[in-house]
Amino acid sequence: MEERNKRKELIGLVVSDKRQKTITILVERKEKNPLYGNLMKKSKIFQDHYENNECKVVYTVKVA
């Protein structure tokens with residue numbers, strides 16, 4: 001039987017770590033245009049909580 005509420009794990013790049021215990025993550029993906037068929041780059045920004053302030057701007061992180 002399938003597990004319910006299984007979430008995708010997103011991989012993104014840390015773009016800001018200026019706030020205390022919070023980082024900003026940019027997740028980019030490529031999506032196909034349904035009409036023309038070409039690939040478009042789409043992005044979304046997430047805020048994540050890090051208690052120890054251990055992530056820096058160039059890190060790649062996983063958002064669960």
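**Notebook: charged pairs and the core**

I started with Arg-29, which is partly exposed at a relative accessible area of 43%. A reminder to myself: this is a predicted model.

Next I looked for a charged partner and found Glu-31, whose salt bridge with Arg-29 has its closest N and O atoms 3.3 Å apart. Glu-31 is partly exposed too, with a relative accessible area of 29%.

I noted Lys-42 as partly exposed, its relative accessible area being 32%. Put together, Arg-29, Glu-31 and Lys-42 form a linked network of salt bridges.

I counted 4 salt bridges by this rule. One of them joins Lys-62 to Glu-9, with 3.5 Å between the closest N and O atoms. Here, too, distant parts of the chain are linked: Lys-62 lies in strand S4 and Glu-9 in the segment before strand S1 (10-16), 53 residues apart.

On to the nonpolar side. The largest nonpolar core has 8 residues: Val-14, Ile-23, Ile-25, Val-27, Tyr-50, Cys-55, Val-61 and Val-63. Strands S2 (22-32) and S4 (60-63) each supply at least two of its residues, and S2 gives the most, with 3. I recalled that nonpolar side chains tend to be buried together in soluble globular proteins.

Last, I checked what Tyr-50 touches. Leaving out residues up to four places away in sequence, I listed Lys-21, Thr-22, Ile-23, Cys-55 and Val-61.

How values were computed: Residues numbered from 1 in each chain as written. Predicted model: local features only at pLDDT ≥ 70, side-chain atom pairs only at ≥ 80, totals over all residues. Heavy atoms only, no water. Core = buried A, V, L, I, M, F, W, Y, C linked by side-chain atoms within 4.5 Å. Buried < 20%, exposed > 50% of the residue type's maximum accessible area, 1.4 Å probe, protein only. Helix = DSSP H or I, 4+ residues; strand = E, 2+ residues; numbered from the N terminus. Contact = heavy atoms within 4.5 Å. Salt bridge = Lys/Arg side-chain N within 4 Å of Asp/Glu carboxyl O.
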